[in-house]
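Terms are given their cut-offs where they are used for the first time.

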Amino acid sequence: MDFGGHGLSSHYYLGVPYCQENFVNEIGRVVAALKWKRFSLLSHSFGGIIGGMFSCIFPEMVDKLILLDTLPFTMDPKGMENMLTYRRGAIEHMLQAEAFQKPRQVVKPEEMLQRFLKNNNHLNEECGRLLLQRGTTQVATGLMMNRDRRVGLLEYSIPFLTRELLVHSIKQLQAQVLLIKASQGYFNMERGITDKSVMLLVLDTLRSVLKEQFQYMEVPGNHYVHLNQPQNVADIISAFLQSKERLPH
């Protein structure tokens, strides 16, 4: 599923912000259209934060939640101090992007691929070509990127939770949760104390609240391990999905 402003999905109308509430709503709209009552969610990176929140708001609908190198919630050790700064940044970014919209640049396919790989150096060439199939539109003279320029930084789209709200949110989960962390992924422990402290706090809270309802696995690879080395995660995910254990609700 491509969120609005990403991949093959439409862009939002001018003035409509790209934010967590709207992305969660998009999952709800897809589920309603498909008439699903209960299902599993598999999410990667930014999608994990959206999938995690959906699973808390609609806990009775999500049977299993799989998180690939991501956390189900975001925290900022200085969240209270930074909250207004983030909100201002989100508004200013959207206004600026809308005021200075330029025609999308058309680039030759091979040049587009090299630019994409340069900006995403954890991807190999095969995976880069695969992602560009959904991330670009073919025109007569080349390719255009599909992503809406108004989609901003993570802190502009996602509200950071306090510790109290983190615990409350996790307590709402009815799904069995599998978190797969890539050893050299986004939350690489060498990145710094902030990332490490947030990662460990969220993991400890998931373990203490969910107990046997939560599983954690670490695999070799980077943030795109599911694309570059799918064999590292495929068996783990398959076994988790095929497990017949169901927790009482």
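A residue is called buried under 20% relative accessible area, exposed over 50%, and partly exposed in between, with a 1.4 Å probe and protein chains only. This is a predicted model, in which local features need pLDDT of at least 70 and side-chain atom pairs count only at pLDDT 80 or more, while totals for chains, interfaces and linings use all residues. Residues are numbered from 1 along each chain as its sequence is written, and side-chain values use heavy atoms, with hydrogens and water left out.

Most residues other than glycine have a negative phi.

**Helix H5**

Helix H5 spans residues 125–135, and Cys 127, Gly 128, Leu 132 and Gly 135 are buried in it. Seen down the axis of H5, these buried residues fall within an arc of 135° and so line one face of the helix, the arc being that of the directions from the helix axis to the C-beta atoms. Cys 127 has a relative accessibility of 4%, and therefore counts as buried. On the face turned away from the buried side, H5 carries the exposed residues Glu 126 and Gln 133. The cover over the buried residues of H5 includes helix H4 (109–119), strand E3 (136–139), strand E4 (142–145) and helix H9 (225–228), where contact means heavy atoms within 4.5 Å.

**Cavity**

On a 1 Å grid over the protein atoms alone, a cavity is a set of points where a 1.4 Å probe fits but cannot get out, and lining residues have an atom within 4 Å of a point. Grid points are joined across faces, edges and corners, and a volume is the space filled by probe spheres set on the points. The structure holds one cavity of 30 Å³ or more, and the volume of the largest cavity is about 30 Å³. Its lining includes Gln 20, Ile 49, Met 53, Phe 73 and Leu 161; by class, the lining has seven nonpolar, two polar and no charged residues.

**Cysteines**

Zero disulfides are found in a search of the whole structure, a disulfide being a pair of cysteine sulfur atoms within 2.5 Å. For Cys 19, the closest cysteine sulfur is that of Cys 56, at 17 Å, which is too far for a bond.

Methods: On a 1 Å grid over the protein atoms alone, a cavity is a set of points where a 1.4 Å probe fits but cannot get out, and a pocket is an open set with protein on both sides within 12 Å along at least five of seven lines; lining residues have an atom within 4 Å of a point. Ala, Val, Leu, Ile, Met, Phe, Trp, Tyr, Cys and Pro count as nonpolar, Asp, Glu, Lys and Arg as charged, and the others, Gly among them, as polar. Helices (H or I, at least four residues) and strands (E, at least two) are DSSP runs, numbered from the N terminus.
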